[in-house]
Amino acid sequence: MASQTEDKRLTVVEEGTEFRGSITSSCPVVARGKVAGEVASPSLTVTPSGNVSGKVKVGTLASQGEIAGEFDAEHATLSGRVSDATIIRAKSLEVKLSSEGTMTVTFGDGARLDVGEEPK
């Protein structure tokens, strides 16, 4: 069982920071700034100021910011922008609409969503 200290560990890319490369983390990753490259972790949270592009493999994806590239997740929650030609593969997908202004999640041209179990 994880201790309380371990439960609070995060890998954070702060707003105003741009990270390029690969991140492999055993704790959740929070992107408040820009991440370009590969991300592997139990979960990825992209805040409204965050931007993640590249190849991502996580248990849980929660994005309020902008994402681009190829995303593999057990569960994905989207409420931000999905850029052109982005691929999202998830066993479950939740789209949260903003109650402020227009209620949309924007998907760019050629974006692809694969939801559910892999076809046999």
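**View 1. Ser43 within strand E4.** Ser43 is part of strand E4, which spans residues 34-46; helices (H or I, at least four residues) and strands (E, at least two) are DSSP runs numbered from the N terminus. The model is a predicted one, in which local features need pLDDT of at least 70 and side-chain atom pairs count only at pLDDT 80 or more, while totals for chains, interfaces and linings use all residues. Residues are numbered from 1 along each chain as its sequence is written, and side-chain values use heavy atoms, with hydrogens and water left out. Ser43 counts as buried because its relative accessibility is 17%; buried means under 20% relative accessible area, exposed over 50%, and partly exposed in between (1.4 Å probe, protein chains only). Apart from residues up to four places away in sequence, Ser43 touches Pro28, Val29, Val58 and Thr60, where contact means heavy atoms within 4.5 Å.

**View 2. The protein as a whole.** The secondary structure comprises 1 helix and 10 strands. From the N terminus on, the order of these elements is α-β-β-β-β-β-β-β-β-β-β. Of the 120 residues of the protein, 32% count as buried. Among contacts between residues at least 6 apart in sequence, 14% join residues at least 24 apart. The accessible surface comes to about 7,300 Å², and 49% of this surface belongs to carbon and sulfur atoms; the areas come from the Shrake-Rupley method with a 1.4 Å probe, and for residues only the protein chains shown count as cover.

View 3. Strands E5 and E6 pair in the parallel sense over 12 bridges; two strands pair if DSSP finds at least two bridges between them. Asn51 has Glu66 in E6 as its bridge partner. Parallel pairing also joins E6 and E7, over 2 bridges, and Glu66 stands opposite Arg81 in E7. Between E6 and E8 the pairing is parallel over 8 bridges, and the bridge partner of Glu70 in E8 is Ile87.

**View 4. The largest nonpolar core.** This core holds 20 residues, of which Val35, Leu44, Val52, Val56, Leu61, Ile67 and Phe71 touch the most other members. Strand E3 (29-31), E4, strand E5 (51-63), E6 and strand E8 (87-95) are the elements that give two or more residues to this core. The largest share, 5 residues, comes from E6. A nonpolar core is a set of buried Ala, Val, Leu, Ile, Met, Phe, Trp, Tyr and Cys residues joined through side-chain atoms within 4.5 Å. Leaving aside neighbours within four places in sequence, Leu61 is in contact with Leu44, Ile67, Phe71, Ala73, His75, Ala76, Thr77 and Leu78.

**View 5. Ala76 and its contacts.** Ala76 has its place in strand E6, residues 66-78. Ala76 is buried, since its relative accessible area is 0%. Residues up to four places away in sequence not counted, Ala76 touches Leu61, Ala90, Ser92, Leu93 and Glu94. The C-alpha atoms of Ala76 and Ser92 are separated by 6.3 Å, although these residues are 16 residues apart along the chain.

**View 6. Ala85 in a loop.** Ala85 lies in the loop between strand E7 (81-82) and E8. The phi of Ala85 is near 60°, a positive value in a residue other than glycine. Most residues other than glycine have a negative phi. Ala85 counts as exposed because its relative accessibility is 53%.
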